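This report is meant for a reader who is meeting the structure for the first time.

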Amino acid sequence: MVKTEIQPLKIDEFGLRILRELQTDGRISVLDLAKRVSLSPTPCARRLAQLIEAGIVEGFGARVSPKAVGLSVEVMVEVKLERHANAIPEDFRRRVLEREEVVACFAMTGDTDYLLHVMVPDIDSLNRFLMAVLLKIEGVRDVRTSLVLEAVKRQQTVPTGHLR
């Protein structure tokens with residue numbers, strides 16, 4: 001049996017317009033979306049379905065203000081593991097995925113193994129998370145925290161200019 005390579009969906013100018021509009025307003029109706037991208041509703045709906053099916057549009061959701069829901073402390077946490085053998089990295093990843101206060105986790109190159117973006121209500125909550133959770137995970141060697149003073153840019157859209 002010959003495996004065929006899956007080709008990524010080619011995104012034309014209409015597809016790019018659809019992506020830009022959806023990232024601005026994910027609740028837009030197909031009718032309004034079609035008007036904004038200069039397509040009739042049926043082809044617009046078909047293109048949107050293709051973008052979803054191809055995994056380019058992963059979902060729709062609301063952007064929530066952290067401060068408005070009481071999450072006034074944001075921290076970037078650098079984590080170094082003791083070693084990358086056995087099940088240590090997999091266990092670390094599993095444990096981080098279970099934690100609601102970890103809103104993003106990135107595997108890194110360089111001196112840091114993982115960079116976590118953590119949101120908590122206050123410093124006491126941060127201390128509990130660090131001492132009772134993060135530092136208790138087997139294989140965690142070192143943790144460094146940096147308090148976020150201000151989110152100068154919090155972009156939740158994906159750049160699409162390179163697709164032209």
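This is a predicted model: local features need pLDDT of at least 70, side-chain atom pairs count only at pLDDT 80 or more; totals for chains, interfaces and linings use all residues.

**Helix packing**

| Helix pair | Angle between axes | Distance between axes |
|---|---|---|
| α2 and α3 | about 100 degrees | 9 Å |
| α1 and α3 | about 75 degrees | 10 Å |

Because the angle between α2 and α3 is about 100 degrees, these two helices are roughly perpendicular to each other. On the α2 side their contact is made by Val30, Leu31, Leu33, Ala34 and Val37, and on the α3 side by Pro41, Cys44, Ala45 and Leu48. By class, this contact of α2 with α3 has nine nonpolar residues, with no polar and no charged ones.

The angle of about 75 degrees between α1 and α3 likewise makes α1 and α3 roughly perpendicular to each other. Here α1 contributes Phe14, Gly15, Ile18, Leu19 and Leu22, while α3 contributes Cys44, Arg47, Leu48 and Leu51. The residues of the contact of α1 with α3 divide into seven nonpolar, one polar and one charged.

An α-helix has 3.6 residues a turn, so residues three or four places apart point the same way. Just after α2, Ser38 takes a positive phi of about 65 degrees.

Val75 lies in strand β1, which runs over residues 73-81, and Val75 is buried, because its relative accessible area is 1%, where buried means under 20%. Leaving aside neighbours within four places in sequence, Val75 is in contact with Leu116, His117, Val118, Leu126, Thr145, Ser146, Leu147 and Val148. From Val75 to Ile18 the separation is 57 residues in sequence and 34 Å in space, taken C-alpha to C-alpha.

Ser125 is found in helix α5, made up of residues 123-133. With a relative accessible area of 13%, Ser125 is also classed as buried, and a polar contact of 3.2 Å joins the side chain of Ser125 to that of Arg128.

Conventions. Residues are numbered from 1 along each chain as its sequence is written. Side-chain values use heavy atoms; hydrogens and water are left out. Helices (H or I, at least four residues) and strands (E, at least two) are DSSP runs, numbered from the N terminus. Buried means under 20% relative accessible area, exposed over 50%, partly exposed in between (1.4 Å probe, protein chains only). A polar contact is a pair of N or O atoms within 3.5 Å; within protein, one must be able to donate a hydrogen and the other to accept it, and residues adjacent in sequence count only if both atoms are side-chain atoms. Axes are lines fitted to C-alpha atoms, for helices over the stretch in contact, and angles run from 0 to 180 degrees between N-to-C directions. Angles under 35 degrees count as roughly parallel, over 145 as roughly antiparallel, 65 to 115 as roughly perpendicular and the rest as oblique. Contact means heavy atoms within 4.5 Å. Ala, Val, Leu, Ile, Met, Phe, Trp, Tyr, Cys and Pro count as nonpolar, Asp, Glu, Lys and Arg as charged, and the others, Gly among them, as polar.
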